[in-house]
Amino acid sequence: GAHLPLFERLADEMRAGAKAKQARHAERKAKTQTASAVERLERRNAVMKEVSAGSERFLTALKPLYASLSDEQKKMADLLFTRHGGGRHHHGMRHH
């Protein structure tokens with residue numbers, strides 16, 4: 001159980017990121033109705049930067065934790081993050 005605090009920190013980081021994203025999304029939606037094309041692009045640019053910064057923080061928190069895991073735990077972590085933070089979610093090969 002020595003790794004628990006680090007895992008907790010990672011989980012917190014992920015939760016905080018998700019919460020901030022929701023808040024920004026609501027705020028953006030309200031503004032987008034009146035936004036010009038330039039404002040929209042500027043906003044999207046800002047969001048990309050924030051997402052990038054979040055990933056950066058997450059990676060910084062993950063590296064020392066991952067390095068300290070046993071091979072078995074690394075396998076678990078790999079599975080966890082492939083499912084969790086893989087970005088695009090592929091749901092089989094169903095065509096819509």
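## The largest pocket

By class, 12 nonpolar, 5 polar and 6 charged residues form the lining of the largest pocket. Here Ala, Val, Leu, Ile, Met, Phe, Trp, Tyr, Cys and Pro count as nonpolar, Asp, Glu, Lys and Arg as charged, and the others, Gly among them, as polar. The structure is a predicted model, in which local features need pLDDT of at least 70 and side-chain atom pairs count only at pLDDT 80 or more, while totals for chains, interfaces and linings use all residues. Residues are numbered from 1 along each chain as its sequence is written, and side-chain values use heavy atoms, with hydrogens and water left out.

The lining comprises 23 residues, and E13, M14, G17, A18 and F58 lie nearest the centre of the pocket. A pocket is defined on a 1 Å grid over the protein atoms alone, as an open set of points where a 1.4 Å probe fits, with protein on both sides within 12 Å along at least five of seven lines; lining residues have an atom within 4 Å of a point. The largest pocket holds about 780 Å³ of space, where grid points are joined across faces, edges and corners and the volume is the space filled by probe spheres set on the points. Helices α1 (4-32), α2 and α3 each give two or more residues to this lining, and α1 provides the largest share, 12 residues.

## Overall architecture

The protein has 3 helices and 0 strands, and its elements run α-α-α from the N terminus on. Helices (H or I, at least four residues) and strands (E, at least two) are DSSP runs, numbered from the N terminus.

Of the 96 residues in the protein, 10% are buried. Buried means under 20% relative accessible area, exposed over 50%, and partly exposed in between, with a 1.4 Å probe and protein chains only. Among contacts with a separation of 6 or more, 53% join residues 24 or more positions apart; a contact means heavy atoms within 4.5 Å.

Helix α2 has 31 residues and reaches 45 Å from its first C-alpha to its last, close to the 45 Å expected at 1.5 Å a residue. The expected span is 1.5 Å times one less than the number of residues. Within α2, V47, A61, L62 and L65 are buried.

The largest nonpolar core consists of 7 residues: L10, A61, L62, L65, L69, A77 and F81. Both α2 (37-67) and α3 (71-84) supply at least two residues of this core, and the largest share, 3 residues, comes from α2. Such a core is a set of buried Ala, Val, Leu, Ile, Met, Phe, Trp, Tyr and Cys residues joined through side-chain atoms within 4.5 Å. In soluble globular proteins, nonpolar side chains tend to be buried together.

## Two residues compared

L62 is found in helix α2 and counts as buried, at 15% relative accessibility. Leaving aside residues up to four places away in sequence, L62 touches L10 and F81. The C-alpha atoms of L62 and R9 are 9.2 Å apart in space, although the two residues are 53 residues apart in sequence.

P5 lies in helix α1 and is exposed, with a relative accessible area of 56%. A distance of 9.7 Å separates the C-alpha atoms of P5 and L65, which are 60 residues apart along the chain.
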